[in-house]
Amino acid sequence: MQLNGSEVTGQDDAETTLGRITNRFRTDSIFNSSGRHGSRFSRESVWNSNGTFGSRFSAYSAMNPNALKPPRIIKNGRVIGHLTVNSRITGAVNPYTLKGECEERL
């Protein structure tokens, strides 16, 4: 999988690290529901519906269909896409689709 191992970072001023696209057993995985980057309660998770990166209303959120600055997907130091439900963003990767595919493969 091309995205495996990629880092997810916010486009906020701090460029917050949001985890890695990797199997759900790794502590830094965005799919580890018990981890800092996969928990629906964590500030550093795209799955937190009340947080900056998971809210339907935040400009930095992967879950806002109108977000202008959704999280970046970075591999080998290059931005290769954006984790977002906003299909109008170039290189958009839907987080829900990605989660479904990764749970089967990783």
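Glu7 stands opposite Arg20 in strand β2 of this predicted model, in which β1 (residues 7-9) and β2 (17-20) pair in the antiparallel sense over three bridges. Strands pair here if DSSP finds at least two bridges between them; helices (H or I, at least four residues) and strands (E, at least two) are DSSP runs, numbered from the N terminus. Residues are numbered from 1 along each chain as its sequence is written, and side-chain values use heavy atoms, with hydrogens and water left out. Because the model is predicted, local features need pLDDT of at least 70 and side-chain atom pairs count only at pLDDT 80 or more, while totals for chains, interfaces and linings use all residues.

The pairing of β1 and β2 belongs to an open sheet of five strands with the order β2-β1-β3-β4-β5 and mixed pairing. β2 and β5 stand at the edges with a single partner strand each, so one side of each is left without a neighbour in the sheet. Strand β1 is also joined by three bridges to β3 (residues 72-75), and these two strands run antiparallel. Within this pair, Thr9 stands opposite Arg72. In turn, β3 pairs with β4 (residues 78-83) in the antiparallel sense over four bridges, and Lys75 has Arg78 of β4 as its bridge partner.

Glu15, in the loop between β1 and β2, has a positive phi of about 45° although it is not a glycine. In the hairpin of β3 and β4, two residues lie between the strands, and Asn76 takes a positive phi near 50°. Asn76 is likewise not a glycine. With a relative accessible area of 78%, Asn76 is exposed; the classes are buried (under 20% relative accessible area), exposed (over 50%) and partly exposed (in between), computed with a 1.4 Å probe on protein chains only.

Helix α1 comprises residues 95-105, and its residues Pro95, Leu98 and Cys102 are buried. These residues cover an arc of only 60° around the axis, which puts them on the same side of α1; the arc is that of the directions from the helix axis to the C-beta atoms. The buried residues pack against β4 and β5 (92-93). Tyr96 and Glu104 are exposed on the face of α1 turned away from the buried side. At the start of the helix, a side-chain oxygen of Asn94 comes to within 2.8 Å of the backbone nitrogen of Tyr96.

The largest nonpolar core has 16 residues, and those with the most contacts inside it are Ile21, Ile30, Phe31, Val46, Leu83 and Leu98. Such a core is a set of buried Ala, Val, Leu, Ile, Met, Phe, Trp, Tyr and Cys residues joined through side-chain atoms within 4.5 Å. Neighbours within four places in sequence left aside, Leu83 is in contact (heavy atoms within 4.5 Å) with Val8, Ile30, Val46, Ala62, Pro70, Pro71, Ile73, Val93, Pro95 and Leu98.

Ser45 lies in the loop between β2 and β3 and is buried, with a relative accessible area of 1%. A polar atom of the Ser45 side chain lies 3.3 Å from the backbone oxygen of His37, and the side chain of Ser45 also reaches the backbone nitrogen of Trp47 at 3.0 Å. Beyond four places in sequence, the residues in contact with Ser45 include Leu18, Phe53 and Gly54.

The structure holds four salt bridges, each defined as a side-chain nitrogen of Lys or Arg within 4 Å of a carboxyl oxygen of Asp or Glu. Arg20, Arg26 and Asp28 are linked in a network of salt bridges. In the bridge between Arg26 and Asp28, the N to O distance is 3.1 Å; Arg26 is partly exposed at 40% relative accessibility. Glu44 forms a salt bridge with Arg36, with the closest N and O atoms 2.6 Å apart, and another with Arg43, with the closest N and O atoms 3.8 Å apart. Glu44 counts as buried at 18% relative accessibility, whereas Arg36 is exposed at 53% and Arg43 is exposed at 54%.

Terms used:
A polar contact is a pair of N or O atoms within 3.5 Å; within protein, one must be able to donate a hydrogen and the other to accept it, and residues adjacent in sequence count only if both atoms are side-chain atoms.
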